[in-house]
Amino acid sequence: MKITIKDDFDLKKIAESGQCFRFNECETEAGTFSVAALDKHVFVKELGNCEYEFSCDKKEFDGFWKSYFDLELSYADIRGRISKKKDIYLYNASEYGKGIRILRQDPWEMLISFIISQRKNIPAIKASIEKLCAMAGDLIVEDERVGKIYSFPTPEKLAALSLDKLSSCSLGYRDKYVKKAAEDVASGLVDLSSWDKLSDEELMEELLKLFGVGVKVANCEILFGYHRLDAFPKDVWINRVLETKYPKGFDFEGYAPYNGVMQQYLFFYSRNDGLGKDK
DNA sequence: ACCCAGGGCTGTT
DNA sequence: AACAGCCATGGG
């Protein structure tokens, strides 16, 4: 079905923004993107003039993808909160990253993805996740543009894998973290959906109890898995930005409750040569 | 060969 | 509480 999207919406930037790992431009078809989320998949084709072709019917678009892409929220308005005079670096980052949105991704998929992410670069994270999906997920799409795409494994399927099987997905020392998280979610000891009700502080507290989850991964889960847009994950790139561009501190109070969106602009910009630019 | 990556755990002060 | 080692693996 065809959709017109007037607000910020740049599929290539979202795909490269580091918040999602199963969202890719088709190599054989520029302008068409393959998006996998849990057990769902869609192709989105840029038609130009703010128009997009989704490879699903209206029912699935309204029931899932509209929310997934967070289309009810205006990211142009959020960008509008940035003062060019007060913070030219963030302003430049937001102009560079214009079109990025924070996807409403699944807490389970995000938890495992960001546990895997530690001390890996983004291509390596993607490769590990695809191996996991191929090993324990179900085939959901087969298409000449993308080959075979498998669903993200359920907690039960992942918990059933041996450490050796997990390890063969290039998880390295993270294999035991993934296994423990999968076992705890599968057993019900950890109920991610019930954590929706928690305050940001309580949510952080619960996440930090998980083996292999520290402050950074927890913040990624809070931002990308629970869509709480004020969470501000600090990885090596963001720390570099804070040290070199904000020696006197970043204005977290001023950008609440959207610090997480600002973080995405800074992350995307810094990884694409923004660190070399003058403040 | 080398350094780095969307860090966190563990043992030592 | 702070702090250093250490951890597996692949990308550039």
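The following passage describes the protein surface around DNA strand B and the packing of two helices in a predicted model. Residues are numbered from 1 along each chain as its sequence is written, and chains are lettered from A in the order in which they are written. Local features need pLDDT of at least 70, side-chain atom pairs count only at pLDDT 80 or more, and totals for chains, interfaces and linings use all residues, while side-chain values use heavy atoms, with hydrogens and water left out.

Of the atoms of DNA strand B that come within 4 Å of the protein, 59% belong to sugar and phosphate. By residue type, this surface comprises 15 nonpolar, ten polar, with Gly counted among the polar, and six charged residues (Asp, Glu, Lys and Arg). At least two residues each come from α5 (107-117), α11 (215-225), α12 (236-245) and α14 (259-271), helices being DSSP runs (H or I) of at least four residues.

Polar contacts (pairs of N or O atoms within 3.5 Å) with DNA strand B include a polar backbone atom of Ile122 at 2.3 Å from a phosphate oxygen, and a side-chain N or O atom of Trp237 at 2.7 Å from a phosphate oxygen.

Helix α10 (residues 200-208) packs against α11 at an angle of about 130°, with the axes, lines fitted to C-alpha atoms over the stretch in contact, 9 Å apart.

Notes:
Near = heavy atom within 4 Å. Polar contact = N/O pair within 3.5 Å; in protein donor to acceptor, adjacent residues only side chain to side chain. Axes fitted to C-alpha atoms, helices over the stretch in contact; angles between N-to-C directions.
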